[in-house]
Amino acid sequence: MSTSNISRRNFLRTTGISGAALCLGFMFSSSTEDADVINTGAADPSEIELNAWIKIDASGKVTLVDHRAEMGQGSYQSVPQILAEELEVNLKDVNIIFAQGNKEKYGNQITGGSSTIRGSYKNLLKLGATARVMLTAAAAAKWKVPVTECYAEAGHIIHRPSSKRFHYGELVNDAAKLEAPKDIVLKPKSAYKLIRQPLHRQDTPLKTNGVAGFGLDKKLPGMLYATVERNPRLRGKVKSYDDSAALKVPGVKKVFKVQMGVFKTFREGVAIVADSTWAAMQGKKALKVDWDDTGFDHVNTADIYISLEEKLKVEEGLILKKQGDPETAISIAAKKLDIIYQTPYQSHSAMEPVNCVAHYQGDKVEIWGPIQAPEWVQEYIAGQLGWAKENVIVNMTFLGGGFGRKAFMDYPHEATMISKEMGAPVQVVWTREDDATQGPYRPGFSYRCQGAIENGNITALKFRMAGQNNDHWRDGPSNKANRSTSEGFLKPYYDSIKNISFAEVVFETPIPTMWWRSVYASTNGFAYESFLDEMAHAAGKDPLDLRRQYLTDQRSQKLIDKMEEVSGWKNKRNNEGYGTAITECFSSTVGQVVKVSKNADGRLKIDHVWAVMDCGWYVNPDIVKAQVEGAILMGLGAATIHEITFKDGLVEQRNFYDYKMPRITDMPPIDVFIMENDEDAGGVGEPGLPAFAPALTNAIFDLTGKRIRKLPFDLTKV
Amino acid sequence: MISLNVNQKNYRVDADPNMPLLWVIRDIIGLTGTKYGCGVAQCGACTVHLNDEAVRSCVTKVSRAEGQKIVTIEGLSKENDHPAQIAWNEENVPQCGYCHSGQIMSAAVLLRENPNPTDEDIDAAMAGNICRCGTYLRIRKAIHLAAELQRKGSASK
């Protein structure tokens with residue numbers, strides 16, 4: 001049966017939840033952008049599987065579901081804030097719960113690509129509105145009045161002429177028997193009461209009194225604690241191990257070999273299971289393992305970048321995009337630039353180290369953890385065990401940061417296998433050292449950027465990116481260019497610059513790599529926006545004016561105007577350096593201006609950061625601002641403080657003393673501005689990051705004439 | 001058996017005297033608001049009060065805390081209403097929230113010792129607490145607000 005056939009049908013019946021409840025869900029087609037709302041209480045589960053974002057029981061209690069991970073970016077607030085807007089309920093009156101992993105019910109739950117709002121807001125609005133319309137119709141029928149005389153407000157339907165009112169709980173039984181209406185009219189933006197308001201997040205109180213339950217906080221009766229000693233060279237097998245000392249540690253119960261799936265490969269380790277986290281950690285220290293990593297190169301960071309640069313000299317790479325003829329334009333140009341930029345490997349280093357609880361129960365396994373991709377975990381583990389998906393139950397806790405790392409399936413798989421061996425619920429705790437030394441990491445890249453200038457105008461841009469492709473590592477080598485080679489680069493440039501090409505120079509190592517906040521834009525942005533700054537200077541142009549010249553679309557022009565206005569770009573004084581960068585990431589564009597100067601002692605300081613975010617439609621301006629502030633600090637750390645390096649195949653950093661984090665003393669003043677327009681929603685959690693590093697290094701060039709082309713660099717030594 | 005007083009409650013725990021207070025609080029007593037971040041006193045996520053002073057519980061042996069007064073985030077106030085907690089809510093400080101038990105416990109000691117801290121005082125007192133989400137601007141703002149709330153509160157008493 002085709003999806004379109006199903007979605008044209010409506011279904012009616014009262015559901016069984018809490019006696020009486022109205023449950024509405026989506027009918028997902030291949031695209032979740034615009035799904036039909038249906039009354040899920042009525043569905044025949046053998047025909048279609050459905051879900052419920054909104055539940056209202058007879059007492060009037062409203063429960064709203066957050067189907068995405070909450071890792072700081074605010075889905076726990078934003079998703080309900082959208083639903084509540086059209087449903088007409090106060091957020092303080094609703095109960096918010098996390099969905100379990102279930103692709104059929106919730107569609108795509110992978111919390112990545114800054115996709116929670118941009119991927120589902122239209123459906124969420126429709127869902128809230130549909131419930132409201134059904135409740136209104138039920139009230140009108142009870143009162144025997146025209147529906148047009150009724151309206152919804154704060155969890156009640158009110159009959160305007162008589163001021164009679166029902167709370168939603170009194171209507172839910174009748175409403176649940178109605179068909180979900182097809183043609184729902186959504187509120188105009190001007191009528192929003194909740195959306196666009198900087199409402200306090202519903203999870204904040206839980207995060208100031210210790211109540212919020214993170215993965216590491218999950219406790220089950222009889223739960224054991226495990227650590228795992230994994231191959232320090234990231235790949236390979238256990239040759240042998242000596243557990244005699246580990247087993248003598250009080251509290252250690254068992255030591256055994258365990259395998260964890262890392263996409264299509266497996267990594268081996270030795271698990272130490274104990275009655276407390278501390279005992280498991282002591283057991284791990286006492287364990288001796290002999291590793292077999294035959295076949296895997298013992299990589300060194302210096303060699304990686306030498307190889308990347310050599311390849312960039314001679315290889316054209318796999319072309320992702322090419323317009324015009326950049327080679328010829330460059331060869332005949334009067335002025336040309338040819339520059340290499342370099343960005344480091346990075347660890348996600350969320351404050352909550354990787355961890356997971358699994359309870360294997362013979363024919364099913366239940367998992368709790370800080371998980372970004374619950375439906376992936378469900379599918380993957382079911383596949384590994386050869387089970388039906390329904391027998392793998394995946395619960396998301398609050399995540400103490402994720403940044404991409406917790407979209408991996410390795411740690412829930414490992415926890416499942418350890419619980420299976422123990423026949424008991426087990427929490428697997430990665431030490432900070434495990435978290436830092438085991439990856440996966442953001443891959444390091446080198447970029448070769450070439451450009452041509454004629455009469456002060458850019459006539460060609462040729463970009464080559466060399467480094468590990470996250471997808472190559474996951475799916476094996478491919479002969480297609482990394483789709484993300486041009487990520488970060490603004491599309492309007494294609495209209496104004498005739499000759500442009502992007503190519504990926506393929507490079508492999510045994511190092512596992514994974515998305516890291518803003519993914520490829522986090523490194524591409526540095527190369528491409530540094531290069532445009534160099535092109536501006538070579539062309540004798542003001543760097544912001546150069547963007548204005550080539551980003552001719554209205555949206556970009558407005559963004560640039562705003563950047564100029566808020567930063568005082570034109571009012572630069574002596575002894576101040578101003579730098580700018582504009583990057584696109586997950587359908588949002590962020591322009592930043594950084595101002596730097598030197599202290600009396602000659603040390604560089606970041607005086608101010610202005611960030612202008614164009615994310616189109618948005619929910620909560622305070623969350624948008626918070627995300628940009630945080631992304632800037634994360635960008636600052638990756639640009640100036642920390643990097644992951646390898647020596648003889650081993651990661652050289654172990655904990656926050658050598659993989660240092662930015663601290664409160666490193667935080668520059670930041671002002672964030674949000675563009676108001678009628679565009680579709682773009683991403684929010686990640687797009688604030690990529691523009692910061694190039695805006696900073698461009699500002700440093702402006703102040704000092706020193707060009708920084710390799711990250712990270714030491715701010716104190718500029 | 002080791003006797004502990006946590007949040008004005010007495011506990012007798014059967015633990016290795018070398019076990020850090022962090023793991024006793026989390027795994028044995030079952031109060032999970034205090035967080036593990038690094039295990040080596042680098043990040044401050046595990047900050048608790050030991051005899052009213054902020055300590056890193058991940059490197060404090062439980063034997064050192066025997067018979068002493070321990071306060072965790074759960075015991076800082078009854079109604080989530082310590083001035084720092086009120087201010088943290090007012091300024092929308094947390095993102096992922098994992099570090100904020102420790103941040104608030106550090107801030108509470110600062111606010112007691114210095115009722116009117118400057119930005120520099122705040123930076124000095126809070127530099128031991130890492131926030132990977134980058135909420136530092138808001139932490140600073142919240143501490144100023146908490147100081148104000150505290151002054152008003154003590155004035156009205």
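Analyst: A term to begin with: two strands pair if DSSP finds at least two bridges between them. The model discussed here is predicted.

User: In what order do the 5 strands of the open sheet in chain B lie?

Analyst: Strands S2 and S4 of chain B each pair on one side only, so by the pairing rule they are the edges. The pairing within the sheet is mixed. Read across, the order is S2-S1-S5-S3-S4.

User: Which residue of S2(B) is the bridge partner of Ser3(B)?

Analyst: Strand S1 of chain B covers residues 2–6. S1 and S2(B) pair in the antiparallel sense over 5 bridges. In S2(B), the partner of Ser3(B) is Arg12(B).

User: What angle does helix H4 of chain B make with S3(B)?

Analyst: Helix H4 of chain B spans residues 100–113. This helix lies across S3 and S4 of chain B. Its angle to S3(B) is about 40°.

User: What radius of gyration does chain A have, and why does it agree with a compact globule?

Analyst: Chain A has 718 residues, and a compact globule with that number would have a radius of gyration near 27 Å. The value for chain A agrees with this, because it is 27 Å.

Conventions: Residues numbered from 1 in each chain as written. Chains lettered and ligands numbered in written order. Predicted model: local features only at pLDDT ≥ 70, side-chain atom pairs only at ≥ 80, totals over all residues. Rg over C-alpha atoms; globule rule 2.2 N^0.38 Å. Helix = DSSP H or I, 4+ residues; strand = E, 2+ residues; numbered from the N terminus. Contact = placed C-beta atoms within 7 Å. Axes fitted to C-alpha atoms, helices over the stretch in contact; angles between N-to-C directions.
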